[in-house]
Amino acid sequence: MYLSKEEEKLLESDNETIRKAMEILVAIGKIFDADRLIPVKSVQISGISYKNIGDAGLEWFESLNAKFVIKAMINPAGMDVIRWKEMGIDEGFYRKQMRIINALIRLGADKTLTCTPYYFDSLKKGDHVAWAESNAIVYANSILGVRTNRESGISALASGIIGKTPNYGLHVKKNRSPTVIVDVKAEINSSADLAMLGYSVGEKLSNSIPYFIFRNSIEREWLKDLGAVLAAKGNTALFHAEGLTPEYGDFEIDSLEREVIDELEEIEFDCEPDLIAIGCPHLSSSELRQIADLLFRNDKKVRKDVWLFTSRRVLEENEDVARKIESYGVKVFADTCMVVSPATENYECVMVNSGKALTYLPKHAGVMVKFGDIKECIKEAYR
Ligand code: F3S
């Protein structure tokens, strides 16, 4: 892999964090046969919940001594940094989680803890980033036409310190070509339908770049849920959707194999929810407004625990909406989510509208799950 003189000097840096960051990028570049390093506009670092990384991860973050040279964003943590007590988080966990967050902020990371960095980064088709959160990777590649590989938290962090990533994989246009057509004849009426579609075909499409054809009109925002579940069930990092995603017309597809989906699979999840958790990936402003409207139509307090998850930035931009939602007994938390927080483990059955949460919650929180779209989730809240 070609390295400029400046890049070679970084491999000899007196600063251990910089030297190690450069070594990581060079090692990855060699493994994947990258020709050189290329600049990236931003990084997004996953794996920062104390629940997942424990004391070893905390000590590692605190040992780092450098500054990010580009925009660096971080994934949700294990709690709402302000309302952690309301989530049932104990003080020991809170303190350790804050040390991890503060270590990253000292390196220069943005304070918004979110898995939806795409709402806050002005990027255009063809830009390069190094993101680690799997739903964000698919969103960037597919819906924005921005290029990123599936980074790990460590490689994204290294890219933040160096400002570059090895040029291979999805950074190279020819590697972004679809590999299979998925012809969806089943009617798709909501993001939950797309989540279910992704849930049933995600494993099968794991190592491919699907080209979706939908027969009825799809809202672009729904694709967020499709990408999230495809990345959770398999390794998908990019899909194209005819007429919807920015690169769908850039490739030849005539010779591709075709998977036909005539009907959405009915998947039965049967348990009695004691928590309804919405916001995987983090809710957007319009999703928050949609939930507020549904609650307003019922106009009474919910009868079950309902937790919504969003980024602090979206929360601050929608204070009135959040206040209205909370007046119905629903909690709107920021900085965290139902999967990376230990708080969910206090429940037995969690109802979600997300294929990704459906995939991860039984494994990561040891709870049973039930699935429904946003309307069904809110209906359940009044049962
Ligand atoms: Fe985000 Fe947590 Fe889901 S990080 S994509 S809300 S699992």
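Modeller: Helices here are DSSP runs of H or I with at least four residues, and strands are runs of E with at least two, numbered from the N terminus. The model is a predicted one. With those elements in place, Asn 75 falls in the loop that links β3 (71-74) to α4 (91-107).

Colleague: Why does Asn 75 count as buried?

Modeller: Buried means under 20% relative accessible area. Asn 75 has 7%, so it counts as buried.

Colleague: What is Asn 75 in contact with, leaving aside its neighbours within four places in sequence?

Modeller: Contact asks for heavy atoms within 4.5 Å. Among the residues that meet this are Gln 44, Ile 45, Leu 113, Cys 115 and Glu 133. Gly 47 is 28 residues away from Asn 75 in sequence, yet their C-alpha atoms are 7.1 Å apart.

Colleague: What makes the pairing of the side chains of Asn 75 and Gln 44 a polar contact?

Modeller: The cut-off for a pair of N or O atoms is 3.5 Å, with one able to donate a hydrogen and the other to accept it. The Asn 75 and Gln 44 side chains meet at 2.8 Å, and the side chain of Asn 75 also makes a polar contact of 3.2 Å with that of Glu 133.

Colleague: Let's turn to α2. How do you know that its buried residues line one face of the helix?

Modeller: The buried residues of α2 are Thr 17, Ala 21, Met 22, Leu 25, Val 26, Ile 28 and Gly 29. Looking down the helix axis, they fall within an arc of 165 degrees, so they line one face. An α-helix has 3.6 residues a turn, so residues three or four places apart point the same way. Exposed Lys 30 and Ile 31 sit on the face of α2 turned away from the buried side. The cover over the buried residues includes α1 (5-10), α3 (50-63) and α6 (153-162).

Colleague: How does the reach of α2 from its first C-alpha to its last sit with what is expected?

Modeller: The expected span is 1.5 Å times one less than the number of residues. For the 16 residues of α2 (residues 16-31) that is 22 Å, and the helix reaches 22 Å. At its N-terminal end the cap is Asn 15, with a side-chain oxygen 2.8 Å from the backbone nitrogen of Thr 17. Just after α2, Asp 33 takes a positive phi of about 65 degrees.

Colleague: What makes the phi of Asp 299 worth a remark?

Modeller: Most residues other than glycine have a negative phi. Asp 299 has a positive one, near 50 degrees. It lies in the loop between α9 (285-298) and β11, and at 51% relative accessible area it passes the 50% cut-off, so it is called exposed.

Colleague: And Asp 335: buried or exposed?

Modeller: Buried, because its relative accessibility is 2%, and its phi is positive too, near 75 degrees. Asp 335 belongs to the loop between β12 and β13 (349-352).

Colleague: What kind of peptide bond joins Cys 280 and Pro 281?

Modeller: A cis one, with omega about -5 degrees. Pro 281 is part of strand β10 (residues 275-283). Most peptide bonds are trans.

Definitions and conventions
Residues are numbered from 1 along each chain as its sequence is written. This is a predicted model: local features need pLDDT of at least 70, side-chain atom pairs count only at pLDDT 80 or more; totals for chains, interfaces and linings use all residues. Side-chain values use heavy atoms; hydrogens and water are left out. Buried means under 20% relative accessible area, exposed over 50%, partly exposed in between (1.4 Å probe, protein chains only). The arc is that of the directions from the helix axis to the C-beta atoms.
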